[in-house]
Amino acid sequence: MAKTLYAVFLLIASTIHDCDGNLYFASYYGDAMVLQKSPEKAVLWGHGPEGEQVTVFLLGPIKQKTSPATVTNGIWKVTLDPVEAGGPYNVTAVVQNSTATLTDVLFGDVWLCGGQSNMLFEVSQMFNASGELQDADKYPHVRTMMVALNRSDTELLDLIGVDLLWSMPTKQLSQFSAVCWLFGRYMYDILKYPVGLVESCWGGTPIEAWSSSRALQHCGLERTGSNHYENNSVMWNSMIHPLLNMTIKGAIWYQGEANTDYHRDKYNCSFPAMIDDWRMAFHLGSGKQTAIDFPFGFVQLSTNQKGSLDDGFPDIRWHQTADFGFAPNPRMKRTFMAVALDLPDAYSPYGT
């Protein structure tokens, strides 16, 4: 199974990036992006003329030239040598009669932010949003990108679209995930080197939509829901699978409400199974550069309604820890949980 997955990842193609001729970077590479720093190696790939030799040049605080990669079935892929945190760099892919260049590229830690409306909640909607937006220019090395909302019944080779291109936060922060941004800003304050944030989430979606068929079968979940958001794997196919070649540091997750009344009793299996599957898939897709046990953080569901006698939210909170009541635990190693049980906002115009 692992060898088959790795072969599939090598076929992922790109059609979205402005450059000369018919040489392309994949959709989630762009100017002002962050690539994963050392000790991991950043992976670059895209589309090019069949049979051509693609060489990638790195120009900045250090210089680097990759060995040529042959375009096979329209795909080229290279892995850089480890690069320490910093920048900026220009990254240029070259074939005989065509070039494609990314500018203002930094190296740091890349984090994926996923889930439903909790993660989708925008910076413009948070407490002190105006102050947060005003302070964004203090964080030019925290870069953000948002995957477009699309679903697919089959695994896609590349993203259908990108809603917000890579940029410094001053240009698009108001529309970006508040939780993702605050996490990235905190990490930068502690680590003092670049952080790249990739938002890929959709409101009202259950975990089954973000899980591969492998993960679902592990938990005996093969039935497709009647609601199109509940169709198994439809967001995995379109909004996670295309990202697998990217080297990432880790992921954070804020989801669970949609499962309070949908396969609730299976969440103690489906959530850890999704974590395991994402880890394996990103590890193989990046040529084993993304750690097989990369850190995975999640937010505990808060109280929903005061005085409620419904078991949905308490059950999901328990199942979020694979029924251990804490994280990390023997079933969910290298995970971390933000406790939010006592943090509802009864006066929020957006709901708790």
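**Charged pairs**

Select Glu40: this residue is buried, with a relative accessible area of 13%. Buried means under 20% relative accessible area, exposed over 50%, partly exposed in between (1.4 Å probe, protein chains only). This is a predicted model: local features need pLDDT of at least 70, side-chain atom pairs count only at pLDDT 80 or more, and totals for chains, interfaces and linings use all residues. Residues are numbered from 1 along each chain as its sequence is written, and side-chain values use heavy atoms, with hydrogens and water left out.

Glu40 and Lys249 form a salt bridge, N to O 3.4 Å (a side-chain nitrogen of Lys or Arg within 4 Å of a carboxyl oxygen of Asp or Glu). The two residues are 209 residues apart in the chain.

Next, pick Asp277 and Arg214. Their closest N and O atoms are 3.0 Å apart in a salt bridge. Asp277 sits in helix α7 (residues 267-285), Arg214 in helix α5 (residues 213-218). Helices (H or I, at least four residues) and strands (E, at least two) are DSSP runs, numbered from the N terminus. Asp277 is buried at 7%; Arg214 is buried at 18%.

**Sheet**

Show β1, β3 and β7. They form an open antiparallel sheet in the order β1-β3-β7. Strands pair if DSSP finds at least two bridges between them. Zoom to Tyr24, opposite His47 in β3.

**Core**

Finish with Trp76, Trp210 and Trp253, among the residues touching the most other members of the 95-residue largest nonpolar core. Such a core is a set of buried Ala, Val, Leu, Ile, Met, Phe, Trp, Tyr and Cys residues joined through side-chain atoms within 4.5 Å.
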